[in-house]
Amino acid sequence: MLRVNNLRRSLHSFLRRPPLKPSSATAPPPPFAPRPFCSVPNPPTSATSDAELRKYLGYTLLIVTSGIITYFSFPLPENAKHKKAKLFRYAPLPPDLHNVSNWSGTHEVQTRTFLQPESISELEAVVKESNEKKQKIRPVGSGLSPNGIGLTRSGMVNLALMDKVLEVDQKNKRVRVEAGIRVQQLVDGIKEYGLTLQNFASIREQQIGGIVQVGAHGTGARLPPIDEQVISMKLVTPAKGTIEISKEKDPELFYLARCGLGGLGVVAEVTLQCVERQELVEHTYISNINEIKKNHKKLLSENKHVKYLYIPYTDTVVVVRCNPLSKWKGAPKFEPKYTKEEAIQHVRDLYRESLETYRKVVVTSKTPNENEPNIDELSFTELRDKLIALDPLNKERIIKVNQAEAEFWKKSEGYRVGWSDDILGFDCGGQQWVSETCFPAGTLSKPVKDLEYIEKLMKIIDKENIPAPAPIEQRWTTSSKSLMSPAYSSSGDDIFSWVGIIMYLPTTDARQRKDITEEFFYYRRLTQEHLWDEFSAYEHWAKIEVQIIFC
């Protein structure tokens with residue numbers, strides 16, 4: 001370190017030294033001559049120049065030699081390529097270190113403790129040992145939460161290997177399962193009994209324990225959040241071991257733990273109230289906010305499932321409503337105006353045009369880059385990701401993409417018939433940031449404020465020039481009796497609206513992802529400052545972002 005400091009001072013003094021001039025008997029000494037390195041009389045000019053040159057050549061050789069020795073003394077192994085280079089601070093990753101991230105790649109941790117028990121007895125041993133060692137441990141599910149709510153460096157327990165259907169009570173329409181089972185696994189496992197879940201979120205890959213503990217929801221102003229389907233649970237706790245709770249045995253603890261974020265114990269088993277498996281008719285059509293206002297109450301009360309998809313910078317509102325298939329009427333007779341290929345063709349054309357503009361290439365139906373997929377084989381959401389990736393924070397660019405999406409939905413109007421677990425799913429697109437809030441919206445007979453929230457949100461987007469992509473999704477549920485649910489209410493007549501804003505992360509470029517993240521949090525902060533308090537809104541547990549640190 002001393003050698004480096006001396007070198008730095010020497011270079012600094014040398015660079016400040018004025019150029020050497022021939023000596024003159026009459027020339028006065030410069031008023032601010034640099035201080036010499038020592039008090040020895042100056043040698044002749046030519047000797048000084050040669051000495052300085054040899055000295056700095058020596059310094060250069062010393063630096064290069066030190067760098068070579070350092071590189072070969074501390075080689076970087078393959079598993080450390082992702083780490084940022086920090087001079088003299090590198091240590092190889094230990095072999096027992098687990099790297100865990102959420103699905104969107106927005107949160108990532110390394111931990112030495114990532115346990116996957118295969119039975120409740122093994123889970124009990126894990127919790128007991130952690131308690132005895134005073135080690136914190138957190139249950140983590142499928143990692144689908146945008147905020148990575150289950151991730152922690154201190155240690156995690158994952159129940160992916162505890163994924164069995166334990167008991168089916170076909171008569172009472174109840175099913176008991178291990179908490180690690182995924183929603184799609186559960187649905188597939190009970191369909192032979194003619195049963196299914198009452199409601200679904202947009203995707204099916206969540207573990208049952210996770211989807212219940214974070215207070216997830218589907219849509220339907222007559223249907224509660226998913227935690228209301230739970231009628232009993234088994235919790236593995238540090239202090240009391242394994243306990244079984246239900247509203248009959250201990251209602252206070254049950255309603256607290258049902259949406260408990262894993263904080264009162266690890267959910268090991270869940271008993272769910274199911275419904276008969278049924279086919280649904282989905283009707284998708286285009287509307288606008290003025291028409292929605294006229295028919296809003298009717299849409300909420302007359303449809304089992306309904307949601308609105310708003311497209312910023314357009315007047316388009318996509319209405320998706322789903323109802324049981326009538327045994328007498330059957331499927332509706334409807335002839336769509338456009339085929340699926342015709343509905344998406346203009347989006348493909350926009351992508352080709354955009355590639356020519358941004359990359360200066362001419363694109364045929366077969367993309368010239370072998371690493372790129374055939375454009376004609378991409379889905380709408382894949383095309384949207386690629387369009388946004390070209391210039392994700394350019395407002396004018398996002399407006400064009402949103403207009404193309406509005407046209408896509410207009411050409412996709414029509415009906416679809418299928419089983420509820422298929423129909424109620426929704427392709428959310430690629431990696432993304434999401435903020436979803438839940439707020440009281442009156443009652444089914446008198447809905448209030450839910451559309452006003454959207455109108456104010458749209459004004460914020462327009463005023464602040466937010467490059468907001470589509471869709472802004474609005475859904476509804478009835479209340480939950482779980483005390484920590486965002487939709488908690490003691491009144492069964494209350495309804496709640498859930499509104500989600502989004503920004504996609506369609507690139508792997510770290511700088512671009514950082515810029516998108518900063519813009520999204522500015523967008524989210526504006527909604528928090530201008531809307532949350534006014535509408536008594538709470539953020540979805542799986543989408544709360546407490547702090548973001550860029551390294």
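Which residue forms a salt bridge with K514? The partner is E518, and the closest N and O atoms of the pair are 2.6 Å apart. A salt bridge here is a side-chain nitrogen of Lys or Arg within 4 Å of a carboxyl oxygen of Asp or Glu. The structure is a predicted model, in which local features need pLDDT of at least 70, side-chain atom pairs count only at pLDDT 80 or more, and totals for chains, interfaces and linings use all residues. Residues are numbered from 1 along each chain as its sequence is written, and side-chain values use heavy atoms, with hydrogens and water left out.

E518 and K514 sit 4 residues apart in helix α13 (residues 510-532), about one turn of the helix. Helices (H or I, at least four residues) and strands (E, at least two) are DSSP runs, numbered from the N terminus. E518 is partly exposed, at 39% relative accessibility, and K514 is partly exposed as well, at 33%. For these labels, buried means under 20% relative accessible area, exposed over 50%, and partly exposed in between (1.4 Å probe, protein chains only). Elsewhere, salt bridges that share partners bring E341, R348, D349, R352 and D376 into one network.

Across the whole structure, a search finds 26 salt bridges. In one of them, the side chains of E269 and K234 meet at 3.7 Å, N to O. E269 belongs to strand β11 and K234 to strand β9, so this pair ties together parts that are 35 residues apart in sequence. E269 counts as buried because its relative accessibility is 9%, while K234, at 25%, counts as partly exposed. A further salt bridge joins the side chains of E282 and R416 (3.1 Å, N to O). This pair links distant parts of the chain, with E282 in strand β13 (residues 279-287) and R416 in strand β16 (residues 414-419), 134 residues apart. E282 is buried at 11% relative accessibility, and R416 is partly exposed at 33%.

The largest nonpolar core has 43 residues, of which L123, L186, I208, I211, V270 and L272 touch the most other members. Such a core is a set of buried Ala, Val, Leu, Ile, Met, Phe, Trp, Tyr and Cys residues joined through side-chain atoms within 4.5 Å. Strand β11 gives the most to this core, with 5 residues. Leaving aside neighbours within four places in sequence, V270 is in contact (heavy atoms within 4.5 Å) with residues including V175, V177, I208 and V230. Apart from this core lies another, of 38 residues, among them V319, I516, L531 and W532.

Helix α9 (residues 380-389) is mostly covered, with 7 of its 10 residues buried. The buried residues are F380, T381, L383, R384, D385, L387 and I388. Their cover includes α8 (340-359), α10 (395-411) and β19.

Strand β20 (residues 538-539) holds E539, which is buried with a relative accessible area of 8%. The side chain of E539 makes a polar contact with the side chain of R524 (2.9 Å). A polar contact is a pair of N or O atoms within 3.5 Å; within protein, one must be able to donate a hydrogen and the other to accept it, and residues adjacent in sequence count only if both atoms are side-chain atoms.
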